[in-house]
Amino acid sequence: MTIAMTERDEAAGATSNRYHYTRVVEVAARTVRARVERDNYVNQSCAVAEVLNDQMTWTSLAADAPANWWHDTPKPSLTVHATTVLGPLTDTLLRRAAEILAAPPTTRTISPHVHGAISALLATSAGFNAEARIDPDDIDWAYTWGGALHIIEHPDGSVTFTKAHREDCPFITSRGAQDCDEDCYFPHPADVERTPGR
C-alpha cells in the first residue's frame, strides 16, 4: 500500500557523543515526525514515530527498540552523516505510522482485565465503594500536565497506569520490560504556575 506523505521539515546533527535525525511529514491530514537518536549508549538511544494530537503534544505511534538497530550503526563522531545513517530507519518508522493512520477507525474498548485494574485503582485509592466523576476541566488539565497516559499490562497479570514517562522512555517502548532511564522529568504544575512572569 502506497500512502502519500508531504515533507514538512527535517533536522540532523552530530557530536562526539551522539547524532540524530528528525523528519516531519504530513500524512492522512496529520502531522507525523520520526525521531532517531543514536547515543554512545544503547539505553540512551531511541527511534520513535509520533503524531501531533489535538492537544498539540506528540503521541507515539510506532517505535523500534534501540537494540534492533544500534549495533548496526557507527559510533558517534563529528564526521557521521546522520541523515544517511539514520534516514532508512526514519523511512521505516514513517511508513509504519502512515499505515496506522490509514487504518479504518475502530471502536475503542478496554479489556476486562484493564477494566478490573481500573476498578482496583479506584477502590485502593478511594475505598471499596468509591465513586468518582471526572469533569471536562480535569480531563483538560490531565492532558496539559505530565506525560501521556500509558496503560501497560504485564505478563504477571499486573497493570501499570502511568503519566510519568516520556514517549521514547525504554519503559514505555518496551511495554514495561525495561527499566526507565530516569530521564523523564515533567514540571509540577504548581511549580510552573509560581514561576515569575507567568
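## Cysteines without a disulfide

The count of disulfides here is zero. A disulfide is taken as a pair of cysteine sulfur atoms within 2.5 Å. In general, a disulfide is a covalent bond between the sulfur atoms of two cysteines. This is a predicted model: local features need pLDDT of at least 70, side-chain atom pairs count only at pLDDT 80 or more, and totals for chains, interfaces and linings use all residues. Residues are numbered from 1 along each chain as its sequence is written, and side-chain values use heavy atoms, with hydrogens and water left out.

C169 is buried, with a relative accessible area of 0%. C180 is partly exposed, at 25%. Buried means under 20% relative accessible area, exposed means over 50%, and partly exposed lies in between (1.4 Å probe, protein chains only).

## The chain as a whole

The protein chain holds five helices and seven strands. Both are DSSP runs, numbered from the N terminus: helices are H or I with at least four residues, strands are E with at least two. Read along the sequence, the order is β-β-β-β-β-α-α-α-β-β-α-α.

The C-alpha trace spans about 60 × 45 × 45 Å along its principal axes. Of the 198 residues, 30% count as buried. The chain exposes about 12900 Å², and carbon and sulfur atoms supply 53% of that area. Accessible areas come from the Shrake-Rupley method with a 1.4 Å probe; for residues, only the protein chains shown count as cover. Contact means heavy atoms within 4.5 Å. Among contacts between residues at least 6 apart in sequence, 44% join residues at least 24 apart.

Strand β3 covers residues 30–39. Seven of its 10 residues are buried, so β3 is largely enclosed by the rest of the structure. Two strands pair if DSSP finds at least two bridges between them.

Strand β2 (residues 18–27) pairs with β3 in the antiparallel sense, over 10 bridges. Here Y19 stands opposite R38. Two residues lie between these strands in their hairpin, where A28 takes a positive phi near 50°. Strand β4 (residues 46–52) also pairs with β3 in the antiparallel sense, over six bridges. Six residues separate β3 from β4 in their hairpin.

## K75 in its loop

Where is the place of K75? K75 sits in the loop between β5 (58–63) and α1 (82–102). Is K75 buried or exposed? K75 is exposed, with a relative accessible area of 67%.

Leaving aside neighbours within four places in sequence, K75 is in contact with Y19, R38 and V80.

## A second hairpin region

Strand β6 (residues 150–153) and strand β7 (residues 159–162) run antiparallel, joined by four bridges. I152 stands opposite T160 in β7. The two strands form a hairpin with five residues between them. In the turn, G157 has a positive phi of about 95°.
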